[in-house]
Amino acid sequence: MAAPPNFEEGQSTYRPPRFNGQYYGWWKTRVHNFIMAEDSELWDVICDGSFVPTKTIGDPVVTFPKTRNELNDVDRKAIEKNFREKKILVCGIGPDEYNRISACQFAKEIWEALQIVWRLP
């Protein structure tokens, strides 16, 4: 994993590392470390996908997503993790990369879209 030549930017502990379309492997490692330092459960959102609160109705039992009015505090906290993760990823990419992921609704979709474009495991 090569670092950019003449890299002089300091490492911010408040802002995610910025990806400008070059040195993806380097950025990927840095953003992973940033995410883990923020909240290790955020990485679960990347690996497992976002939490979708559901309810079961009827006999036979059928599962449906809850409406906004049916969410409780636990549901809202779990949903919030996707948006925190999505914020980190969106704030860590430049305009060209943003155009590639702007239609993504979930953090996992953003990560996978970047992986596909840059063809890294």
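**A walk through a predicted helical chain**

In helix 5, the buried residues are Ala 107, Ile 110, Trp 111, Ala 113, Leu 114 and Gln 115. Helix 5 is made of 12 residues and reaches 17 Å from its first C-alpha to its last, close to the 16 Å expected at 1.5 Å a residue. Its buried residues pack against helix 1, helix 2, helix 3 and helix 4 (95-101). Just after helix 5, Arg 119 has a positive phi of about 50°.

The wider layout can now be set out. The protein chain has five helices and two strands, and along the sequence these elements follow the pattern α-α-β-β-α-α-α. Of its 121 residues, 31% count as buried. The accessible surface of the chain comes to about 8,100 Å², and carbon and sulfur atoms account for 53% of that surface. Among the contacts with a separation of 6 or more, 51% are between residues 24 or more positions apart.

Helix 3 is one of the partners of helix 5. Helix 3 covers residues 73-91, which is 19 residues, and spans 26 Å from its first C-alpha to its last, close to the 27 Å expected at 1.5 Å a residue. At the start of this helix, a side-chain oxygen of Asn 72 comes to within 3.0 Å of the backbone nitrogen of Val 74.

Which residues of helix 3 are buried? They are Asp 75, Lys 81, Asn 82, Glu 85, Ile 88 and Leu 89. Seen down the axis of helix 3, these buried residues fall within an arc of 160°, so they line one face of the helix. The buried residues of helix 3 pack against helix 1 (24-38), helix 2 (40-48) and helix 5 (107-118).

Lys 86 has its place in helix 3. Leaving aside residues up to four places away in sequence, Lys 86 touches Cys 104, Gln 105, Ala 107 and Ile 110. Of these, Ala 107 and Ile 110 are among the buried residues of helix 5. Lys 86 and Ile 110 are 24 residues apart along the chain, and their C-alpha atoms are separated by 7.7 Å.

Glu 97 lies in helix 4. Is Glu 97 buried or exposed? Its relative accessibility is 3%, so Glu 97 counts as buried, the cut-off for buried being under 20%. The side chains of Glu 97 and Trp 118 are joined by a polar contact of 3.3 Å. Not counting residues up to four places away in sequence, Glu 97 touches Phe 19, Gly 21, Leu 114 and Trp 118. Leu 114 is one of the buried residues of helix 5.

The two strands come next. Strand 1 (residues 54-57) and strand 2 (residues 62-65) pair in the antiparallel sense over four bridges. Within this pairing, Lys 55 has Phe 64 in strand 2 as its bridge partner. The hairpin has four residues between the strands, and Gly 58 takes a positive phi near 85° there. Pro 60 also lies in the loop between strand 1 and strand 2. The peptide bond that joins Asp 59 and Pro 60 is cis, with omega about 10°.

Some of these backbone values stand out against a general rule. Most residues other than glycine have a negative phi, and most peptide bonds are trans. The cis bond between Asp 59 and Pro 60 has already been noted, as has the positive phi of Arg 119.

Note on methods:
Residues numbered from 1 in each chain as written. Predicted model: local features only at pLDDT ≥ 70, side-chain atom pairs only at ≥ 80, totals over all residues. Heavy atoms only, no water. Buried < 20%, exposed > 50% of the residue type's maximum accessible area, 1.4 Å probe, protein only. Contact = heavy atoms within 4.5 Å. Areas by Shrake-Rupley, 256 points an atom, 1.4 Å probe, with all protein chains shown as cover. Expected span 1.5 Å × (residues − 1). Arc of directions from axis to C-beta. Polar contact = N/O pair within 3.5 Å; in protein donor to acceptor, adjacent residues only side chain to side chain. Pairing = 2+ DSSP bridges.
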